[in-house]
Amino acid sequence: MSRFDDNDPGALNRLEDLLDAYSDARLAPQGAVLARIRANVLEQAAALSATNAAENRLRLVENAWRPPRATLGSRFTRAAFALGFAAMLTLGTSLAVMAAPPGSPFYNARVFIETVTLPSQAQARFEGHEKLLQERLDEAEAAAASGDSSALAAALAAYQAEVDAATADAGNDQDWLAHLQAMLAKHTATLTELAATLPAESSIERAIDASSKAITRIETKTHPAQPTHKPQGGGDPQSGGQGNGGGPGENGAE
Amino acid sequence: MYVNPRYPMDEETLDRLVADAKRGDTAAFGLIFDVYAGPIHRFIASRVSRPSDAEDLTQLVFVKALEALPRYEARGIPFGGWLFRLARNAIIDQIRTRREHLSLVEVTSRESEEASPEAMASLHDDLERVAVAMRDLTDDQREVIELRFFAGLSVAEAAEAMGRQEGTIRGLQFRAVGALRRSLGIESSPTPRAASATPQPVTVEVCW
């Protein structure tokens, strides 16, 4: 065995005794020191614990007032629901507008939409005007048949507006002007017949007047020197106050 | 189950106390303090020159432990090792801040207020020889001795505190013990030493 055998337990124990003695004599804390440290540390521990408890209570209160945080799934569901609801609302409103009868709150919106959505290509646009004029006239007849004066007034107002729009869009297209003139003449006759079945209705008189004036304007365009049509209403100053069909031109022609 | 002789508490009890302390149980933290305050103070006192610094740093370590405890997760890390790593870092910060270096001469020249003059006289020579022997160790060897013998950490705890492998700790300790024995002149006994009159820690079997 060497003098410093590493595995000699006796020697190792003696070393440990020395180290323990050194530690106990020089490094071990005094009781008063440890008590002081302990008091300070536990005071801070208590303060920290109280702070954490207060924060936890505050968090609980906040959570109680705050709605549960939405998950990704629930947010998606809500967004999809909102989009669906908006789409349904839009679709429902559109259907309500496009089916609105004269006199209903959406009727003017419907007329506006139908007018602004006419095709831009000339022939298709003329055909669209023709269709709309006929629709407005049909609506007026239906309103008259049902005795709904407000619906009749709304339909005839829309009819007058459509007459003006169709005349303006016709420009100097002779074929379309001739076609429009013939159509308006038929409409005027229909309105006149309708007026005869109804008590005094200013709206229908105005429609007849507007239609007759439109025919006159068209004749001016198609035959500038020889207007042939006389407004059927009695209020046109061009008629010379002669009443229906009593114009001097016609008399002269005869 | 390994029970460190300096800490009269088994790991299961310690784990339970740590869990309670993490939940804000001040009393549980107080018991942890009672277990580790002495060893932590010994370790710190071995590395700083002034007793007041040892007291301040010991308190600082436990306050830091208090704040860091919610983030502590065992996962194989011994609590003692974790706590002594905090202590080690606190000492390093202290030394960096004050540019203070441990003087073993200063340490050994402290007078113990508790020891009697007779005891002091009988210890003085031995302690002086220990101080000199410790001074001759490398920094790593000295730290291993401080952690293993002064603070009473297990190899695993010392390894965690120093951020080294357990094998490295065993190697450093082996060489440190050999160097100390040579410096202190502790030669091998011709016959096995009889049992000590005072009970010795069972760590001998674990340590060596």
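Rings of Phe, Tyr and Trp, the last by its six-membered ring, pair if their centres lie within 6.5 Å; planes under 30 degrees apart count as stacked, over 60 as edge-to-face and the rest as tilted. With that in hand, look at chain B. Ring pairs link Y36(B), Y72(B), F79(B) and W82(B) into a cluster.

A quick word on the ground rules. This is a predicted model, where local features need pLDDT of at least 70, side-chain atom pairs count only at pLDDT 80 or more, and totals for chains, interfaces and linings use all residues. Residues are numbered from 1 along each chain as its sequence is written, chains are lettered from A and ligands numbered from 1 in the order in which they are written, and side-chain values use heavy atoms, with hydrogens and water left out.

Back to the rings. How many aromatic pairs does the structure hold over all chains? Eight. One of them is F126(A) with W176(A), and this pair is stacked: 4.7 Å centre to centre, 5 degrees between the planes. F126(A) sits in helix α5 (residues 122-146) of chain A and W176(A) in helix α7 (residues 174-197) of chain A, so the pair ties together parts that are 50 residues apart in sequence. Helices here are DSSP runs of H or I with at least four residues, strands are runs of E with at least two, and both are numbered from the N terminus.

F126(A) has 6% relative accessibility, so F126(A) counts as buried. W176(A) is at 5% and counts as buried too.

Stay on helix α7 of chain A for a moment. A189(A) lies there. A189(A) is partly exposed, at 35% relative accessible area. Its C-alpha atom is 10.0 Å from that of S211(A), 22 residues apart along the chain.

Now chain B as a whole. Chain B has 10 helices and zero strands. Of its 208 residues, 49% are buried. Take the contacts in chain B with a separation of 6 or more, where contact means heavy atoms within 4.5 Å. Residues 24 or more positions apart account for 65% of them.

Next, one helix pair inside chain B. Helix α7 (residues 139-150) and helix α8 (residues 155-162) of chain B pack at about 130 degrees, with their axes 10 Å apart. Axes are lines fitted to C-alpha atoms, for helices over the stretch in contact, and angles run from 0 to 180 degrees between N-to-C directions. Under 35 degrees is roughly parallel, over 145 roughly antiparallel, 65 to 115 roughly perpendicular, and the rest oblique. α7(B) and α8(B) are therefore oblique to each other. On the α7(B) side, the contact is made by D140(B), E143(B), V144(B), L147(B) and R148(B); on the α8(B) side, by V155(B), A158(B), A161(B) and M162(B). They divide into six nonpolar, no polar and three charged. Nonpolar covers Ala, Val, Leu, Ile, Met, Phe, Trp, Tyr, Cys and Pro; charged covers Asp, Glu, Lys and Arg; the others, Gly among them, are polar.

Last, a packing between chains. Helix α1 (residues 9-27) of chain A and helix α2 (residues 26-45) of chain B pack at about 90 degrees, axes 10 Å apart. α1(A) and α2(B) are therefore roughly perpendicular to each other. Which residues meet in α1(A) and α2(B)? S23(A), D24(A) and L27(A) meet H41(B), R42(B) and A45(B).

Conventions. Buried means under 20% relative accessible area, exposed over 50%, partly exposed in between (1.4 Å probe, protein chains only).
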